[in-house]
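Please open the model in your viewer and keep the selection panel at hand. The stops below are meant to be followed in order.

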Amino acid sequence: MVDTNPFLPVSSSDGSYPTGPQITHRKPIKEHLTIFFGLLAVGLFAALLIGNNGSDNGHVHENQHGSLASSSSKKPEPLQPVSRGPAAGVSEKSNRLSANVNGNLPAYPWNNSMLSWQRTSFHFQPEKNWMNDPNGPMFYKGWYHFFYQYNPNAAVWGDIVWGHAVSKDLIHWLHLPLAMVADQWYDQNGVWTGSATILPNGKIVMLYTGSTVEAVQVQNLAYPADHSDPLLVHWVKYPGNPVLVPPPGTYKKDFRDPTTAWLTSEGKWRITIGSKINKTGIALIYDTKDFINYEKLDGVLHAVPGTGMWECVDFFPVSKTEENGLDTSVNGPGVKHVVKVSLDDDRHDYYAIGTYHEKNGTWIPDQPEIDVGIGIRYDYGIYYAAKTFYDQNKNRRVLWGWIGESDSEAADMKKGWASVQSIPRTILFDKKTGTHLLQWPVEEIESLRLKSNEFNQVSLLPGSVVPLDVGPATQLDILAEFEIDKELLKKATGSNITFSCSASGGAAERGALGPFGLLVLADESLSEQTPVYFYITKGSDGNLKTSFCNDQSRSSAASDVNKQIYGSFLPVLKGENLSLRVLVDHSIIESFAQGGRTVITSRLYPTKAIYEAAKVFLFNNATNASVTASLKIWQMNSAFIRPYPNK
């Protein structure tokens with residue numbers, strides 16, 4: 001039965017309450033489901049033992065970088081990357097970064113074994129087809145809810161509706177029927193990104209962007225048909241939609257992705273929506289009492305020239321003193337506010353920390369030189385359209401992010417799926433730097449840990465590689481700490497040469513103080529390898545600068561995959577050792593440096609370093625510095641991610 005009082009008990013603009021909402025048709029499901037989660041046993045592979053267990057006396061051999069050779073002599077067919085998204089009014093959704101200047105890619109002859117290996121085991125993804133932005137995450141009546149942009153018809157972007165899944169722990173998931181489909185004139189061209197707001201009375205409102213039959217981006221209201229259903233299976237679209245249309249001066253395709261609402265001191269709800277004016281990215285701001293009628297505030301929440309269209313804006317408070325998250329409406333002493341935007345122009349997520357002024361609805365960055373869109377990113381790899389929610393169950397703020405593919409569209413269509421979501425991350429204010437957030441995998445991921453191996457005080461001489469005997473190396477949780485010889489740091493000669501991960505020669509480029517770190521998803525000959533590493537440089541002023549990098553240039557023998565070198569400057573404070581956590585899950589690795597101060601996510605498509613042939617190594621390719629490493633590495637179980645019981 002439809003809830004006749006779905007959100008705040010106020011009337012619409014004509015004084016009457018809207019009636020007769022239309023429920024989108026879905027598969028039947030029993031009102032009450034009893035669901036038991038379990039763990040899937042990790043597949044047992046025959047381990048290829050290399051060297052010994054990585055102790056101080058472990059086998060050491062000279063650093064080698066194998067050539068990239070195709071496993072087939074057949075002449076590959078050229079690929080023509082296709083643009084998907086911009087013509088409809090959203091950011092580019094296809095991977096075109098690997099294309100050469102002629103727009104052609106030689107197709108690699110992927111076989112089913114290779115493609116099957118790529119599917120992740122503990123990251124969320126649908127059973128098949130395309131997925132992108134996370135939508136409306138929340139905790140409600142004992143369940144975590146996750147909605148997402150989904151194409152039910154193919155493994156490419158298009159025909160976007162809302163997928164829906166639920167979990168008790170953010171790790172094991174049940175797929176539910178589609179939450180909303182494109183069945184109204186105001187969302188005929190796509191049910192696009194939106195956000196959930198849980199009201200003080202416990203009811204839920206969902207605002208989302210729809211693309212109309214004329215490709216105009218409008219904001220729409222939806223709510224659960226039955227708030228007593230903890231699974232929130234059925235959703236109602238407000239019959240008076242759209243509730244917001246592009247304001248004067250805003251292009252019809254530059255008005256999207258409403259945020260979670262927050263309460264003002266006047267008792268109004270406030271939201272922000274991404275847009276642009278010429279090349280200036282802006283966040284429009286609106287007040288409402290009923291989520292039906294809105295008042296646009298003068299000015300904008302924030303604007304940054306030269307950043308282009310702002311998608312998927314997020315706005316939330318962080319505590320300067322407490323080790324917990326804050327509800328979106330919290331403000332006052334000891335609170336800073338974060339503005340995050342997804343830049344349409346470069347497909348990266350940027351954030352900045354600053355001060356929110358409620359009275360005029362504006363936000364000012366603490367440091368304008370690292371403002372939104374020109375400073376710090378959530379993630380320096382593949383990571384986009386991120387969205388947070390306040391988890392009142394555990395008093396934390398949780399971050400979701402879309403991890404796209406970086407292989408060819410042809411390969412995605414052959415394997416039948418595209419994209420995964422990141423492991424949900426907690427977010428805290430970094431009290432040490434005052435400029436960064438700390439991102440860390442939610443604690444529940446540790447429930448998948450199986451047996452572990454420890455390697456203590458492993459000595460890494462310049463130019464060395466040390467194999468680590470951990471068994472199968474495609475599902476791992478790695479904690480590592482590195483200490484470089486302090487006397488060598490003092491004696492090292494400074495220079496004015498600057499270092500950049502992306503502009504460097506990757507892990508093969510040797511310096512006095514780096515690179516050193518891990519080789520993951522590597523085969524025994526190192527012909528395929530992905531280094532995750534630190535690189536230290538010393539300036540002419542004697543100051544040290546640390547970069548954190550991820551080198552994909554030798555990650556695969558395939559020709560039709562992205563092989564960029566990712567990375568960024570990493571703040572390392574006095575007294576801190578270099579620390580690293582890496583989650584390896586088949587074709588995705590998520591790397592967290594210095595407690596999550598800097599994060600890099602990569603998609604990898606090896607052809608040889610798969611199944612039992614995948615291995616992990618320590619390496620030190622510095623010319624002068626010796627490094628000591630200590631690690632603990634867990635094998636990881638698989639998560640249960642399956643359809644809901646159709647009873």
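Predicted model: local features only at pLDDT ≥ 70, side-chain atom pairs only at ≥ 80, totals over all residues.

Residues are numbered from 1 along each chain as its sequence is written, and side-chain values use heavy atoms, with hydrogens and water left out.

**First stop.** Select Gly-567, which lies in strand 35 (residues 565-570); helices (H or I, at least four residues) and strands (E, at least two) are DSSP runs, numbered from the N terminus. Gly-567 is partly exposed, at a relative accessible area of 23%. On this scale, buried means under 20% relative accessible area, exposed over 50%, and partly exposed in between (1.4 Å probe, protein chains only).

**Second stop.** Display the surroundings of Gly-567. Leaving aside residues up to four places away in sequence, Gly-567 touches Tyr-380, Cys-501, Phe-548, Cys-549 and Ile-600, where contact means heavy atoms within 4.5 Å. Tyr-380 is 187 residues from Gly-567 along the chain, yet their C-alpha atoms are separated by 5.6 Å.

**Third stop.** Now select Cys-501 and Cys-549, which are joined by a disulfide with an S to S distance of 2.0 Å; the term denotes a pair of cysteine sulfur atoms within 2.5 Å. The two cysteines are 48 residues apart, Cys-501 in the loop between helix 3 (486-491) and strand 32 (513-522), and Cys-549 in strand 34 (residues 544-551). The link of Cys-501 and Cys-549 is left-handed, with -65 degrees about the S-S bond. Cys-501 is buried at 3% relative accessible area, and Cys-549 is buried at 0%.
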